[in-house]
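This briefing presents selected features of the structure shown below, grouped by topic. Please read it alongside the sequence and the coordinates.

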Amino acid sequence: MTDAADLRRRTAELLATHPPKTTDRLDFLRARFDAGLAWVHFPEGLGGLDAPRSLQAVVDAELAAAGAPDNTPSRIGIGLGMAAPTLLRYGTEEQKQRFLRPLWTGEEVWCQLFSEPGAGSDLAALATRAVRDEDGDWVVDGQKVWTSSAHLARWAILVARTDPAVPKHQGLTYFVCDMTDPGVDVRPLRQITGEAEFNEVFLSGVEIPDAHRLGAVGDGWQVARTTLMNERVAIGGARSAREGGMIGVAAAAWRDRPELRTHDLHQRLLTFWVEAEVARLTGERLRQQLTKGQPGPEGSGMKLAFARLAQQISGWEVEFLGEDGLAYDDWTLRRPEGVDFTGREAGYRYLRAKGNSIEGGTSEVLLNIVAERVLGLPPEPRTDKDVAWKDLPR
Amino acid sequence: MTPTTPAAEPDLLYSEEEDALRAAVRALLTDRCDPATVLAALETGRPYDPELWRALTAEIGAAGLLVPEKFGGQGAGPREAAVVLEELGRAVAPVPYLSSAVLAVTALLGCDTGRAEVAGPLADLAEGRTVGALAVPLPTAPGGTGPATVRADAAGALTGRVTSVADAAGAGLLLVPAEGPDGPALYAVDAAADGVRTEPVTPLDLTRPLAHVVFEGAPGRPLARGERARTAVERALRTGAGLLASEQLGLAEWCLTETVRYAGERTQFGRPIGSFQALKHRMAALWLDVASARAAARNAADALAGDGPDAQVAVAVAQAYCAPVAVRAAEECIQLHAGIGMTWEHPAHLYLKRAKADELALGTPGRHRDALATLVDLAAP
């Protein structure tokens, strides 16, 4: 069993053979992967050492102290948070060997082709078709939407319908899609903020070899559930400091602009401050539970709290700023690589936060999940359960 | 000054010992303090359930958790007392735990425990031989104590009136902040002494009785004077407010659990009402509030246990957050139970009355937010 001392020794060895100061960034990251220090809980040979997940912190701390480069996890979050756990669980040995290393080093960016214009919260209703050709490979046609990083991505995880004659959850199959295929057309999707973080992706006659299928034909929904569960864990597991995020911006504005203060705004700010601090503590409690190997259900609710607070506090900030709140910093169509809540001004925060209760599961869907999976309340009656997908109203 | 995250990382989980303590208290309350028993006890006119209190103090030693072993206590601390309060809140138990084992005990611990006048009562409270009450109005917030309404003469005779003291009617020992000849002081007064009169108030919360206490030349024994007396009372109020958050958490948790259970059983329009999304969302939102209240209450208990510099912020955050959550949980409990929730026979009203009274107790949420404004540098206009 690999322990903390063993990991420290291996980290020291890596730093000795690849001094960060004189080693090329990518070479260092590849060497780190090959040493099993990328994600220590992954299997040996795939960037890990079968070590407890909690020990990753030991490696990260040693490497950060030595000034080693990291793989900019924020930039490759979809690969790390969604594609990698799914590949690990459902991929063939060849798929794991081919995809995981460049995914982790960031050489190959990933995106996910799940949502469609007609299938958002009801993801299993998706209509993108994958049809088998005479060689047993696949031809995909359809349209996806809300795809972050699609314009940067080398690969995508894709869910498509392979059998319209069975109920909707049973006729789906999961693939790895090559984003350089000539049938893939990526177009920026301009948002409420003026910028385009996301894309629409049009798929016309995209050819996917059967070797790029993940899981069995018709098992796509099961595989997608693994992906989505890992997405929520990623959202709930982060640690933050007091006055981190939106409340810090609002509190700083309050301190900087005494001339704008009113009693009403003061009362509301204090209420938000308390709620933000409690949300931070709730996240911290969840983190402590995870560290002890007792995952709690708090994660299911953290995103709800985060979305509500971000929206309320950013709305408060625009109001607080008064006349300055009437101006907007920049409507230019830009293509940012991630969301930057603190790098922009109040109007941007207010508008972008509207997405927080929609992306990654709407607040309404998350409330259903809490009600049914945490509280054990009965599901709503369903009208689509035993009906072939092709016969459902659309 | 910009507030930063406290240096020490709070422990927000429960230890194995705390889980064991919870199990013991819960088993006792399940046996002796089911809602029907609590309802019946309200009709007896007794200020609290003496058998239940005896079992809590003698069998479990709950009253002595905050008291060091050398004074006859358990030598535990606020984290453990918080677990007891969670369970008492879950049962709306009619016992003077907050008044005697938290407020009175903490006030005594703030005095010179080397003196027999302090150590003696401390041991009595720890072992449950005496019930104590800190003679301040229940709504008093930490940091908000003005001059005492009781005066003491040079001989220790007390005169004055303190309104709305929790559990005063059942208490044997009153700890009385008073203006003495040399400034503020804290006195011990036997509730049965001549010159002490309690005027019971008909309380909103029937499970935590209130009384005005009148002193007419009552004999007081001085416990502490000046800054020491002021600090002892302040610390009792802060500890009480911080641990009250755990009572509010337990109360809210019962309301949620019972509502979810009922919504899964009660059918209307041909299906369980818990399958309607309008109701599910309300219960799910409440669950998130309760999960968050747990983090806030644990943080306060842990901060009080460590007595760190961040304890004031932790207590203010916990009270500002947990008090409204308990009220909301009790209000939702009644609304989602609908008709049955409005009856006397269903215990939901006991929880609403306790939750609403708790919202005022030891500082309203607004008072605690006001305190935060200073503590975290968000000054008023």
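In S4(A), Ile157(A) is the bridge partner of Gln112(A). The model is predicted, so local features need pLDDT of at least 70, side-chain atom pairs count only at pLDDT 80 or more, and totals for chains, interfaces and linings use all residues. Residues are numbered from 1 along each chain as its sequence is written, chains are lettered from A and ligands numbered from 1 in the order in which they are written, and side-chain values use heavy atoms, with hydrogens and water left out.

**Strand S4 of chain A**

- Strand S4 (residues 155-161) of chain A is largely enclosed by the rest of the structure, because 7 of its 7 residues are buried; buried means under 20% relative accessible area, exposed over 50% and partly exposed in between, with a 1.4 Å probe and protein chains only.
- One side of S4(A) carries Trp155(A), Ile157(A), Val159(A) and Arg161(A), the other carries Ala156(A), Leu158(A) and Ala160(A), and all of these are buried.
- Strand S1 (residues 110-113) of chain A pairs with S4(A) in the parallel sense over 4 bridges; strands are DSSP runs of E of at least two residues, helices are runs of H or I of at least four, and both are numbered from the N terminus.
- S4(A) and strand S5 (residues 172-178) of chain A run antiparallel and are joined by 7 bridges, whereas two strands count as paired if DSSP finds at least two bridges between them.
- In S5(A), Leu172(A) stands opposite Arg161(A).

**Strand pairing in chain B**

- Strand S2 (residues 150-152) and strand S3 (residues 157-166) of chain B pair in the antiparallel sense over 3 bridges, and Leu158(B) in S3(B) is the bridge partner of Ala152(B).
- The hairpin of S2(B) and S3(B) has 4 residues between the strands, and Gly156(B) takes a positive phi near 85° there.
- S3(B) also pairs with strand S7 (residues 210-219) of chain B, in the antiparallel sense over 8 bridges.
- Thr159(B) has Glu216(B) in S7(B) as its bridge partner.

**Arg79 of chain B**

- Arg79(B) lies in helix H4 (residues 78-90) of chain B and is buried, with a relative accessible area of 9%.
- The side chain of Arg79(B) makes a polar contact with the side chain of Asp302(B) at 2.8 Å; a polar contact is a pair of N or O atoms within 3.5 Å, where within protein one must be able to donate a hydrogen and the other to accept it, and residues adjacent in sequence count only if both atoms are side-chain atoms.
- The Arg79(B) side chain also reaches the backbone oxygen of Leu13(B) at 2.7 Å.

**Leu103 of chain B**

- Leu103(B) belongs to helix H5 (residues 97-109) of chain B and is buried, with a relative accessible area of 7%.
- Leaving aside neighbours within four places in sequence, Leu103(B) is in contact (heavy atoms within 4.5 Å) with residues including Leu134(B), Ala236(B) and Leu362(B).
- Leu103(B) and Leu243(B) are 140 residues apart in sequence, with their C-alpha atoms 10.0 Å apart in space.
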